[in-house]
Amino acid sequence: MAKEKKKGFFAEFREFIAKGNIIDMAVGVVIGAAFKAIVSSLVADIIMPAVGKLTGNVDISSLKAVLTPAVIDENGAVTVEEVAIRYGQFIQYVIDFLIIAFCMFIVVKVAMSFHKIMELRKKTEEEAEAQPEEPKEPTTEEKTLAALEEIRDYLKENK
């Protein structure tokens with residue numbers, strides 16, 4: 001049996017990186033990160049201030065249930081940190097997630113609709129190419145010319 005030559009670690013890594021799927025995935029991750037930043041800004045800077053205004057200027061992300069209050073010494077320095085359940089931040093993340101998921105749903109829906117349109121167009125073009133063209137109906141001039149040619153040929157034959 002012939003021994004298979006083993007590739008080096010870096011040769012395998014270079015081959016792995018050179019595959020197209022990895023590059024596509026990297027582009028997707030970068031665009032996804034940028035999209036997340038846009039949607040997070042939409043939520044934090046546009047939607048949540050409006051929600052806060054509707055709820056009496058309450059910043060949802062700052063809502064919390066304090067279990068143990070912070071201990072402050074006579075100089076105003078915190079000696080023991082506050083222990084709290086920050087449910088407002090959790091609500092903020094849930095809202096972020098729902099809006100991002102909704103936006104992604106819309107993007108995918110539009111992309112799939114576009115993909116279906118392109119597939120239908122391609123299918124229609126393929127069907128048109130596969131079917132032979134039907135003969136066109138001759139125009140009145142073509143019919144008249146054909147009739148005159150038949151008369152001429154008839155007269156030549158029957159002289």
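Q: Why is Gln 92 called buried?
A: Buried means under 20% relative accessible area, whereas exposed means over 50% and partly exposed lies in between, with a 1.4 Å probe and protein chains only. Gln 92 has a relative accessibility of 9%, and therefore counts as buried. The model is a predicted one, in which local features need pLDDT of at least 70 and side-chain atom pairs count only at pLDDT 80 or more, while totals for chains, interfaces and linings use all residues. Residues are numbered from 1 along each chain as its sequence is written, and side-chain values use heavy atoms, with hydrogens and water left out.

Q: Where does Gln 92 lie, and what does Gln 92 touch, not counting residues up to four places away in sequence?
A: Gln 92 lies in helix 3, which covers residues 87–130; helices (H or I, at least four residues) and strands (E, at least two) are DSSP runs, numbered from the N terminus. With contact taken as heavy atoms within 4.5 Å, and leaving aside residues up to four places away in sequence, Gln 92 touches Val 43, Met 48 and Ser 61.

Q: What makes Asp 96 buried or exposed?
A: Asp 96, which is also found in helix 3, has a relative accessible area of 13%, and so Asp 96 is buried.

Q: Why is Asp 59 called partly exposed?
A: Asp 59 sits in the loop between helix 2 and strand 1 (65–68), and because its relative accessibility is 45%, Asp 59 counts as partly exposed. The C-alpha atoms of Asp 59 and Met 104 are separated by 26 Å, and these residues are 45 places apart along the chain.

Q: How do you know that Thr 139 is partly exposed?
A: The relative accessible area of Thr 139 is 42%, so Thr 139 is partly exposed.

Q: What makes up the largest nonpolar core?
A: A nonpolar core is a set of buried Ala, Val, Leu, Ile, Met, Phe, Trp, Tyr and Cys residues joined through side-chain atoms within 4.5 Å, and the largest one here has five residues, namely Val 39, Val 43, Met 48, Ile 60 and Ile 99. Helix 2 (residues 20–54) gives the largest share of this core, three residues. When residues up to four places away in sequence are not counted, the contacts of Val 43 include Met 48, Gln 92, Asp 96 and Ile 99.

Q: How many helices and strands does the protein have, and why is the protein described as more spread out than a compact globule?
A: The protein has four helices and four strands, and along the sequence they follow the pattern α-α-β-β-β-β-α-α. The radius of gyration, taken over C-alpha atoms, is set against the globule rule of 2.2 Å times the number of residues to the power 0.38; the protein has 37 Å, well over the 15 Å that the rule gives for 159 residues, so it is more spread out than a compact globule. Along the principal axes, the C-alpha atoms fill a box of roughly 135 × 70 × 20 Å, and 8% of the 159 residues count as buried.
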